[in-house]
Amino acid sequence: MATLKALRIRIGSVSSSEKITGAMKMISSAKVHKNEMELKRLLPFRKQVDSIMGHLLATGLEFRSPLISKRDVKQAAIVVFGSDDGLCGAYNINIFKYLLTRIRALREEHPNAHITIIPVGKKIKNAVKKLELPYLTVEEPLEGVDSKMLPGKVNEFTEGLRENFSNGTFDQVQTVYMRYVSMSKQLPQTETLFPVSPEVKGEGEKEKKDDNKFYLFEPDPDSIFNEVLPMFVLSTMQEITIENRSSEQAARVMAMQSANDNAKKLLEELQLEYNKLRQQAITTELLDILGGQTER
């Protein structure tokens, strides 16, 4: 009977775990949907900025901006996005592994570069702190900069990175994050934030020179370019943070689904074992009763 009691306790515990993981899965699913809606709201602004950039680039003019100036990379920064909370499967592990490949690639391209890692998220921050390389340092981000930061804080963080690039603190700034593809698929990705590459500005909207329409630019194309380019960078960073949050919650949905499935399987096995032991106990009691009657 002691075994039956222990099994009842374990079945109750597993049943509670199944309910908790089911609830967490529903919450994470709702958060994924919320982030998808944020991406849709950002899309019109992003498309408009891309369209303006496309029209400017289609003029064939040469533009001057400190944000597109390339220089020898002696000081590089990698902003790596992770999560502040756990229970999201191998999400942070995959980002960390991908970060290591990016560090190696950056060192191969620029052997003398010193790399500064700026982690966004407690989990990834704890992971990168363990890296001990002579050419690498880990820098604490601004207060309030985390995986859940609001758009205003994202803009403030991006402006800080832009200032560090403009004043020469960093010669290159990259981002490493998890791109959201679907609920079951998220891909680690890197994007160079500064200097802004001419190949990506206005991508998808850039017109061919032969098909370019006649536009009047006021005050002049270069001034407009220098006004729109920071907006392009800000919208890129906003998209990255939302994509990363979506990926985190999607990974958590899949992790909770896996935990829920395992709990159900374990619950079925425990229930079967419990029924077997209970049947054995009943059979033993019946045999004892029948044996007592026979002796009389």
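1. How many bridges join E4 to strand E5 (residues 185-194), and do the two run parallel or antiparallel? Nine bridges join E4 to E5, and the pair runs antiparallel. Strands count as paired if DSSP finds at least two bridges between them. Within this pair, Val176 has Thr190 of E5 as its bridge partner. E4 and E5 form a hairpin, with two residues between them.

2. The basis of this note is as follows. The model is predicted: local features need pLDDT of at least 70 and side-chain atom pairs count only at pLDDT 80 or more, whereas totals for chains, interfaces and linings use all residues. Residues are numbered from 1 along each chain as its sequence is written, and side-chain values use heavy atoms, with hydrogens and water left out.

3. The protein has five helices and five strands, in the order α-β-α-β-α-β-α-β-β-α from the N terminus on. The radius of gyration, taken over C-alpha atoms, is 28 Å, well over the 19 Å that the globule rule gives for 296 residues, so the protein is more spread out than a compact globule. That rule is 2.2 Å times the number of residues to the power 0.38. Along the principal axes, the C-alpha atoms fill a box of roughly 115 × 45 × 30 Å. Helices (H or I, at least four residues) and strands (E, at least two) are DSSP runs, numbered from the N terminus.

4. Strand E1 (residues 75-81) is largely enclosed by the rest of the structure, because six of its seven residues are buried. Buried denotes under 20% relative accessible area, exposed over 50%, and partly exposed in between (1.4 Å probe, protein chains only). E4 (residues 172-182) is mostly covered as well, with eight of its eleven residues buried. In the protein, 41% of the 296 residues are buried.

5. E1 pairs with two strands. Seven bridges join E1 to E2 (residues 114-120), in parallel, and Ala76 stands opposite Ile115 of E2. Five bridges join E1 to E4, also in parallel; Ala77 has Val173 as its bridge partner there, and Val79 stands opposite Thr175. E1, helix H2 (residues 91-109) and E2 make a right-handed β-α-β unit. Right-handed applies if, with the strands pointing away from the viewer, the path from the first strand over the helix to the second runs clockwise.

6. The second largest pocket has a volume of about 400 Å³. Of its 19 lining residues, the closest to the centre are Lys31, Asn35, Lys148, Arg245 and Gln249. Helices H1 (2-57) and H5 (221-295) each supply at least two lining residues, and the largest share, seven residues, comes from H1. By class, the lining has six nonpolar, five polar and eight charged residues. Nonpolar covers Ala, Val, Leu, Ile, Met, Phe, Trp, Tyr, Cys and Pro; charged covers Asp, Glu, Lys and Arg; the others, Gly among them, are polar. A pocket is an open set of points on a 1 Å grid over the protein atoms alone, where a 1.4 Å probe fits, with protein on both sides within 12 Å along at least five of seven lines; lining residues have an atom within 4 Å of a point. The volume is the space filled by probe spheres set on the points, which are joined across faces, edges and corners.

7. Two single positions may be noted. Ser16, in helix H1, is partly exposed at 39% relative accessible area. Leu67, in the loop between H1 and E1, is buried at 4% relative accessibility.
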